[in-house]
Structure formats: structure tokens, C-alpha cells
Amino acid sequence: VVAHGAREQRVRALVSGLAADGLTREILTTRAAVCVENALADPRTVRSAMRAWDVRAVLGLPLLDRGRVLGLFFLDAPGVQHEFDPAARERAEAFAELAAVAFVQAQMGADARAEGSRARSQASTLTRILAAEDRLWGALLDGSGERPLEQVLAELTERSWAIYTPGGERVAAATPSEDAAPVPDLAGLGALAHPGVAALLEDGEAHAETVGPVRE
């Protein structure tokens with residue numbers, strides 16, 4: 001929202017498109033300029049607002065982008081029965097067209113910056129994935145067993161991990177740092193009896209499955 005001078009904060013508080021706001025509805029419907037010559041009496045205006053602002057005449061225009069209404073542009077002259085002649089309307093329409101172009105350009109710039117940020121984030125993520133893959137393959141090729149691999153996983157994900165056999169025996173556990181809380185044994189907590197966990201342990205086929213939250 002933009003206005004001139006001390007009235008700007010009041011203008012920012014305005015809301016268009018209320019049930020009684022026929023002027024806005026007509027602009028959106030016709031996608032064309034609409035002039036109200038007697039704002040205090042015309043049924044298309046919110047007359048209480050017109051009285052509060054001492055508006056006698058108002059010209060409303062849509063800011064268009066390929067037929068899509070981006071916003072509304074209103075011209076009024078408080079306390080004056082201003083006549084919006086054809087030349088004034090042409091100037092207002094030209095201004096609204098330029099404003100729409102500026103808006104679209106600004107939006108495209110913002111979208112481009114956001115896309116650039118997403119691309120940088122994706123590149124960073126890919127770099128981390130490749131580094132993680134390199135460390136994991138290194139741990140596997142070293143043939144040093146499950147515990148070093150578990151430690152690599154914990155450090156890469158910054159999460160605690162544990163490995164259990166299908167029988168429920170924990171064979172490895174790791175935390176991302178030495179000062180992290182130790183990993184609780186699910187068997188000791190009775191969590192291995194949780195339906196989702198039990199079903200996964202009883203299934204002899206190797207596959208990935210998500211188990212819902214276990215309170216413990």
C-alpha cells in the first residue's frame with residue numbers, strides 16, 4: 001500500500017472488497033477503470049468511508065498483468081468535486097500500467113533470488129550427501145565392522161543411532177559427540193514389544209520400514 005504524506009498510515013489500514021464495496025467489485029469484474037463522480041451518494045461506494053475521508057469523486061483502476069489483477073489504484077481529491085476528464089484518465093491508466101510492470105519486475109526479481117537461494121541450498125545438500133557417501137563407503141571398505149559405520153552415521157546426521165538384530169539384541173550404538181546422552185536400550189525399556197517394532201523384527205525379509213513414534 002502506498003499513499004502520500006501524513007495520510008499513509010490511515011490508508012494502510014483500509015480494506016477493500018467489503019460486501020458494500022461495489023466499486024472494487026466492478027473494477028475486478030470489468031478489469032477496467034471505473035469513475036465515481038458523486039462518491040457520497042453513489043451506491044457503489046462505502047459511503048461512511050467516503051464521508052470519513054471527505055471524498056467527493058474517485059477514480060479506481062486495476063493494475064493488470066496479462067488480464068490478471070495484481071492490485072488496485074485509487075485516485076481521489078478530498079474536499080473537492082474533482083472531475084476526472086479523459087486526459088486525466090489516460091494518465092492514470094498509463095501510471096497503473098507502469099506500476100503493474102514495476103510490480104511484476106520486482107516479483108520476478110524476488111522469485112529469481114529465492115530460486116538462487118534454493119539452488120545454493122540444493123548444491124550444499126548434494127555436497128554433504130557426497131561427503132557422507134564417501135565416509136560411509138570408506139568405513140565399509142575398511143572392513144572394520146558395524147560400530148565405526150554407526151559412529152559415522154551418528155556424526156553425519158547429528159543423531160544417536162543403534163543397530164539391533166532381528167532377535168532384538170543391540171549390537172552397536174553411537175552418539176554424535178562424546179558429551180551426548182547415551183543411547184537407551186530399547187529392549188530394557190520394553191519398546192521392542194511395540195506392535196510396529198515387533199512386526200518389523202519378526203519379518204525375515206530385509207527392507208526399509210518406518211515405525212511410528214515410541215514414547216520411550
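Here is a walk through this structure, from its sheet to the helix lying across it and on to its nonpolar cores.

What you have above is a predicted model, in which local features need pLDDT of at least 70, side-chain atom pairs count only at pLDDT 80 or more, and totals for chains, interfaces and linings use all residues. Residues are numbered from 1 along each chain as its sequence is written, and side-chain values use heavy atoms, with hydrogens and water left out.

Let us start with the sheet. Three strands form an open sheet in the order β1-β2-β3, and their pairing is antiparallel. Strands here are DSSP runs of E of at least two residues, helices are runs of H or I of at least four residues, and both are numbered from the N terminus; two strands pair if DSSP finds at least two bridges between them. Because β1 and β3 stand at the edges with a single partner strand each, one side of each has no neighbour in the sheet. From one strand to the next, the twist averages 15°. The antiparallel strands β2 and β3 are joined by 9 bridges, and if you look along β3 you will find Val69 opposite Leu64.

Now bring in helix α2, residues 22-30. This helix lies across β1, β2 and β3, and runs at about 135° to β3. For such angles, axes are lines fitted to C-alpha atoms (for helices over the stretch in contact), and values run from 0 to 180 degrees between N-to-C directions. The buried residues of α2 are Gly22, Leu23, Thr24 and Ile27, where buried means under 20% relative accessible area, exposed over 50% and partly exposed in between, with a 1.4 Å probe and protein chains only. An α-helix has 3.6 residues a turn, so residues three or four places apart point the same way. The cover over the buried residues of α2 includes β1 (34-36), β2 (55-65) and β3 (68-78). Just past the end of α2, Arg31 has a positive phi of about 55°.

Thr24 counts as buried because its relative accessibility is 4%. Its side chain makes a polar contact of 2.6 Å with that of Asp21; a polar contact is a pair of N or O atoms within 3.5 Å, and within protein one must be able to donate a hydrogen and the other to accept it, while residues adjacent in sequence count only if both atoms are side-chain atoms. Leaving out residues up to four places away in sequence, Thr24 touches Ser16, Gly17, Leu72 and Phe74, contact meaning heavy atoms within 4.5 Å.

Finally, the cores. A nonpolar core is a set of buried Ala, Val, Leu, Ile, Met, Phe, Trp, Tyr and Cys residues joined through side-chain atoms within 4.5 Å. The largest one has 12 residues, including Cys35, Leu63, Phe73 and Phe84. The elements giving two or more residues to this core are β2, β3 and α4 (86-141). Apart from this core lies another, of 10 residues, among them Val34, Val36, Ala39 and Met50. Thr45 is in contact with Val36, Ala39 and Met50, as well as Ala20, leaving aside neighbours within four places in sequence.
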